Every structure is written in C-alpha cells, then in structure tokens.
Amino acid sequence: MIAAAVAVAGAAAFTAPAAQAGVTSCSAQGGKQEAGALIGAALGGLLGNSVSGHNRTTGTVVGAAVGAAAGSAVGCQMQHQDPAQRARYDREDRFATYVSGGYRLSSQIEPARFSRMGQLSVINRDFGLRAAPDFSSRYVGKLKGGERVDAMAHVRGTDWILVGRNGVGMGYVHEDYIRPDNARYAYGY
C-alpha cells in the first residue's frame, strides 16, 4: 500500500501542470532534477506515512509531494553546479566582464545596440558562439543543439541574439539557430 501511494504521488508530481513546471524546468541540462524528484517523492512518502498518525494515506501523499519538490530543487542545483555545465556557459568565472548598454558582457565579446528580450531559449542545432553579431567574427564557445540559454537581447538591425548565463552576455547566436523554449511547435522552428 505504501509503495502504491508513493508511486501515485510521484506520478502526480510529474503530471500536475504546476508541479511539472517546477520538476522539469531546470535551465541546466541533465537528469539530476528528475532523479532528485523521484528520490525525494519516495523518501518523503515514507516519512509522511510514518509520522502521519491516523491518516497514513494523506501523510504519504503530502510527504511524497513535498519530497518531490525538495528533491527537484536539489537536483536542479546539482545540475547547475555540474562542471560540464559550468564549462559550457559560465565563462564569467574565467574572463572579466564589462557593462555596455545596460548589459553585463564577457570581455571576450564586442558590444552592440540591444533591444531587451529576457527569455529562456533553446539552441536548435550545434552553433559556434560568436564574439560579434557576424558569421565572420571569432568563436568564443560552442553551444549544442537542445541546450537552454538566456536570450538576453536582440541586436538592433540584425538577425542576431545576445545569449548569456547568470546575467552575463557570453556571445551572439544567429536567430536561425535559436528558438524560445516554449515554442516547440511553432512554424519555422
């Protein structure tokens, strides 16, 4: 009975719309968030069952939901601290930054004129991150297809997007290589 309640609560954590956004929306790639949610749901369900007193089913379900949320948060934090993730994006640890047009930029990239965007986006396919909004500019990093980035700003008068991580612009991506994270089925992506 306990195992069934934990399984139901864990499944509910992944299918309820509000919980789904929290359990699966980590901006860093990896499976640690989902694994943390499952482990948290199981442990929370067991703990909730043992401390609930007369109504063990409610204790199990509530414990599983709270455990899934806590496990999800811990897993997402672990994904962000994963060295592979940090090497991919967090170049501000290795390079100085400067401010231009109200944006903090890596010293590896050139300034431009921006129109604010501020949305989580996904890279469509592998792309060499550029130092300037131009295909002939030098590479400052590589983004893999499916990676999530912060689309910080559109470069005025161009088809280029300033992308970054943790509030620091890390380089430029042509708009053909990026789409909003919530536009999975939009025309042209």
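How many residues lie between β6 and β7 in their hairpin, and which residue in the turn has a positive phi? The legends below answer this in turn.

**Figure 1. Overview of the predicted model.** This is a predicted model in which local features need pLDDT of at least 70 and side-chain atom pairs count only at pLDDT 80 or more, whereas totals for chains, interfaces and linings use all residues. Residues are numbered from 1 along each chain as its sequence is written, and side-chain values use heavy atoms, with hydrogens and water left out. The protein contains 5 helices and 9 strands; helices (H or I, at least four residues) and strands (E, at least two) are DSSP runs numbered from the N terminus. Of the 189 residues, 42% are buried, that is, under 20% relative accessible area with a 1.4 Å probe and protein chains only. Among contacts (heavy atoms within 4.5 Å) with a separation of 6 or more, 56% join residues 24 or more positions apart.

**Figure 2. Strand β7 and its burial.** Strand β7 covers residues 160–165, and because 6 of its 6 residues are buried, the strand is largely enclosed by the rest of the structure. Trp160, Leu162 and Gly164 point one way from β7, while Ile161, Val163 and Arg165 point the other way. Residues on both sides of β7 are buried.

Figure 3. Strand β6 (residues 148–155) runs antiparallel to β7 and is joined to it by 4 bridges; two strands pair if DSSP finds at least two bridges between them. Ala151 has Val163 of β7 as its bridge partner. The hairpin leaves 4 residues between the strands, and Gly157 in the turn has a positive phi of about 75°.

**Figure 4. The β7–β8 hairpin.** Strand β8 (residues 168–174) pairs with β7 in the antiparallel sense over 6 bridges. Arg165 has Val168 of β8 as its bridge partner. Here 2 residues separate the strands, and Asn166 in the turn has a positive phi of about 55°.

**Figure 5. Helix α3.** Helix α3 comprises 20 residues (residues 32–51), which at 1.5 Å a residue should span 28 Å; the end C-alpha atoms are 28 Å apart, so the two values agree. The expected span is 1.5 Å times one less than the number of residues. Buried residues of α3 include Gln33, Gly36, Ala37, Gly40 and Ala41, as well as Gly44, Gly45, Gly48 and Asn49. Just after α3, Gly53 takes a positive phi of about 80°.

Terms used:
Buried means under 20% relative accessible area, exposed over 50%, partly exposed in between (1.4 Å probe, protein chains only).
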